[in-house]
Amino acid sequence: MTYRLTRDQDELRAVVRELADERIAPRAAEIDATSEFPWDLKELLAQQDLLGTCLPEAYGGTNLDGVSQAILVEEIARADATTSLIPIVQKLGALPIIIAGNDDQKQRYFPRLASGEWLTAFALTEAAAGSDVASNRMKATRDGDDYLLNGSKRFITHGSIAKVITAFALTNADAGGRKGMSAFIVETDTPGFNAPRIEHKMGIRGSPTAELTFDDVRVPAQNRLGEEGDGFKIAMATLDHSRLGVAAQAVGIAQGALDAAVHYAADRKQFGQRVVDFEAIQFMLADMASQTEAARQLVYAAAARADDNVPDLPYWTSAAKLIAGDTAMKVTTDAVQVLGGYGYITEYPVERMMRDAKITQLYEGTQQIQRLLVARQLLARSGVPARP
Amino acid sequence: MKIVVCIKQVPATTADKRYEADLTLDRASVDTVINPLDEYAIEQALRLLDDGNVDQVVYLSMGPEPAGEALRRALAMGGDEAYLVTDGALSGADEWATARVLASALDRLSPDVALMGMASDDAKGSLVPGAVAAMRNVPLLSYGAEVWLQDGKAKIRRLNAAGYDIIEAPTPLVVSVTDQVGEPRYASLKGIMAAKRKPLETWTLSDIGLSADELHGAALTRMTSAEPPRTKPPTERIDNVAPDEAATRIADWLAARKLI
Amino acid sequence: MSNDIFFLAEFASGTPQRSALELAAGAVGLTQQSGGQAVALAYGAGASGGAAGLGAFGASRVVVLADDDRPAITVAPAAAQAAAGCLVLLAPATPNGRDIAAALVGRLNLPAFGPVTALSLDGSTLKVEQATLQGSVITVSQPADGAATPSVVLVLANTFTPIEGGSGSAEVSEAASVADDPLALARVVESRATEQAAVNLEEASVIVAGGRGVGGAEGFATLEELARALGGAVGASRAAADAGWVPYQLQIGQTGKVVKPALYLGCGISGAIQHRVGMQTAENVVAINKDPDAPIGEFADLFVVGDLFAIVPKLTEEIKRRKGGGG
């Protein structure tokens, strides 16, 4: 790992920023207001080869390094958090296949995920089992060469628009979630699959968050990822990587809010001078900038370690998501403060960014779960034995 | 059918530009872009390539070494290979010298169509396409809002005062285009990655058979001074008054200047 | 080398374009310093018949390059032959003028100057003034030592005022024939008139221009009325032309018309750089915009912050009233 960005990474940032500034940012307010998924921007990202960055070139992906993937998400989120979820979730849904998929599964799904023709989603969370993944209840029962999936999932980002989802279900209910859960690739046009409800959310409003129901959904055994009982392991490994996407999104949201605040403060005049000339405002902007930069550097450090799949990866990715999510919340809140009354109205983007920021403290593990994960690694690293 | 798109790297329009003491433009510290109008020429060439009317798209630029970046960016949008003519003797080149160099380089590349943007952000004459055509002894179709290639002929749609003309000329020729040919595409990620492996060759003046002497110090014109404009009075403002009052005050202002 | 000042004179249907009359005045001005003649290079349909008429505007001689409506570039070889060796050649800064000028530069290896704001002769040395970098800098340039003549100078409309009431007559001759030349191969294979009447925006001395803020074709009807009251024409930003509210013929800016009216009145135009380069040499710039921070406010002479839909109709009324009252 080098401690500065490469030329290619700088170039990627410039290219994505131009695209985001010109094509994504102008759509952000409308996406938020209408809560409609930006299919046009999904097409745009697909066309620009930006939806297969985590997939191997052999399958049509571009196989970017982790830092580059973070930059991609960050620059899109700087313009619009909803749109940044398109590459984030495309990776999230594909990660179980990357981690545990066989060649046949990769061959069948990666090319169309890489091209963006198919969207994907990751279906782990259930209504009664959020952070407590081990108490999942959805079942998969073996039926000849197939499994029948029954149960429901909740809070599944893109669940209603994905063509392919990776879903987690108990193949051995007696063994519990930790040992008895398996992972499956489910095509959503399979009979019995439904997305009966889309949540109304505070932020990331254009990104459909769905409740999914499975009623005897027949999934061929060849779509099982890994062995029966590997599900929990696959899910945790997925999250260890995927939370980097959310962390990068948080950095992007913070940067977007900071940029808007600086721009506003430089334009707006009060008491005969520019708002930006008040020291009180400069101090706020300086804190916002410093915090955003710190979060960014931690995200890149974690992303570089994800490429190496270091043994203590959860320490890095959880710390990155924890810091980045809290930074996004703080910086966007401060941005609203810098804009004053204008920050609170929809004419300016910062109130949207503040609402969008909140989700980064919640999904892919709440901040409290991140702390537990960091602490677990910290204790292990320090030789402190686990709770007896 | 082979197209050579001539492009120029220019300071970004948002960049803060100024003249140095020696009356050359200070370009060291500013962001550079492909001349925005040349991007339309690139887009037009790539559309002809996409439609199978053209087999090869080549880029040609004249400029200092970093102008290679503009060529890489063009290659990322599509096309096959690129050539940069760079030579210390070309510093401060005017439109004539630019045309001279491009014409000589084009003689080596012998394209069916040399395609250019209708103007450059930093040279307001729009003279390069016509000068290149005259130097190479080929026809010129200029200000094309749309370009077609067929059977050894090129056609353009060109606006006139009342509508438009379709103008035709045989290849080889020079074609310049406006911003109506279609919005330039963004480079895709795979395009960017592929561009790094596409050939980009650098030529000096001698490689294209020109000598510094022939170029008269790269310019037939010479700037003798660059000054801020004569100070004009500051903008007068009428802020948010009733429409009636605004109209009266505008009319007064116009009348005072004998404009009504 | 002669002391003559040549200028391009484009004709349509036997009538010289206004640019020809303006360039004639510019050429006459320079001949007063050079001691040579003002010579027109006439082309376009009806050029032969109309050529002698240029005498009244100051031309001593007219060389007819072509009398047809082929693309302007096709007369470049004849122009190169006729103009070789004169001191200065003035060309209108229009697409046709630029095409011919460019071909001359390429054929004869001539020094060329983009649109100029002023020009003069210092002895036999041409000095031209240009506004560059969005008008933030005025440069003075001249031909390099040893450069060939003529110097080719592009001139915006409204830079010179045609000589009125002249009675001179010009000696008319046909250009010497030139051998087949590739530049003469371009030909018009089809012409279409759009439904809108032809407007020669470059020649208007008053332009009421509308941008995105005008909101649609109906908004432009309002501007049309103001333009009519002022005796001017309507122009537009690229955004308005792209939106289809007006034809591209009305677009002002880098890729549209470059205009130099006595009055430019911009309504709902933010003043992006690309638009600005098309109108920055207007003598008086008035802008009406609801955004107090619109960039046009920084270079307008009069900046009115307010709703154009409320102000423009009132202004039209007020101007009609004053004009009516005055005469």
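Residues are numbered from 1 along each chain as its sequence is written, and chains are lettered from A and ligands numbered from 1 in the order in which they are written. Because the model is predicted, local features need pLDDT of at least 70 and side-chain atom pairs count only at pLDDT 80 or more, while totals for chains, interfaces and linings use all residues.

Chain B has six helices and 14 strands. Helices (H or I, at least four residues) and strands (E, at least two) are DSSP runs, numbered from the N terminus. The C-alpha atoms of chain B fill a box of roughly 65 × 45 × 40 Å along the principal axes. Of its 260 residues, 51% are buried; a residue is buried if 20 or more other C-beta atoms lie within 10 Å of its own, exposed if 12 or fewer, and partly exposed in between, with C-beta atoms placed from the backbone. Among contacts in chain B between residues at least 6 apart in sequence, 69% join residues at least 24 apart. Two residues are in contact if their C-beta atoms, placed from the backbone, lie within 7 Å.

Chain B touches both other chains discussed here. With chain A, the contact takes seven residues from chain B and eight residues from chain A. The chain B side of that contact has five nonpolar residues, one polar and one charged. In these classes Ala, Val, Leu, Ile, Met, Phe, Trp, Tyr, Cys and Pro count as nonpolar, Asp, Glu, Lys and Arg as charged, and the others, Gly among them, as polar. With chain C, the contact takes 73 residues from chain B and 75 residues from chain C. On the chain C side, the largest share, nine residues, comes from H4(C), and the classes are 46 nonpolar, 17 polar and twelve charged residues.

Strand pairing also links chains B and C. Two strands pair if DSSP finds at least two bridges between them. Strand S10 (residues 163-170) of chain B is joined to S12(C) by six bridges and the two run antiparallel; here Tyr164(B) has Arg192(C) as its bridge partner. Within chain B, strand S9 (residues 153-159) is joined to S10(B) by seven bridges, again antiparallel, and Ile156(B) stands opposite Ile167(B).

Leaving aside neighbours within four places in sequence, Val299(A) is in contact with residues including Ala70(A), Leu244(A) and Val251(A).

Val299(A) also takes part in the meeting of H3(A) and H8(A), where the H3(A) residues are Gly66(A), Val67(A), Gln69(A) and Ala70(A). The axes of helix H3 (residues 66-79) and helix H8 (residues 279-308) of chain A come within 7 Å and cross at roughly 135°. Axes are lines fitted to C-alpha atoms, for helices over the stretch in contact, and angles run from 0 to 180 degrees between N-to-C directions. H3(A) and H8(A) are therefore oblique to each other: angles under 35 degrees count as roughly parallel, over 145 as roughly antiparallel, 65 to 115 as roughly perpendicular and the rest as oblique.

Some backbone details remain. Most residues other than glycine have a negative phi, and most peptide bonds are trans. The bond from Thr171(B) to Pro172(B) is cis, with omega near -5°, and Pro172(B) is found in the loop between S10 and S11 of chain B. Another cis peptide bond joins Thr149(C) and Pro150(C), with omega about 0°. His158(A), not a glycine, has a positive phi of about 65° and is buried, with 26 other C-beta atoms within 10 Å. Ser13(C) has a positive phi near 50°, but counts as exposed, with 10 C-beta neighbours inside 10 Å.
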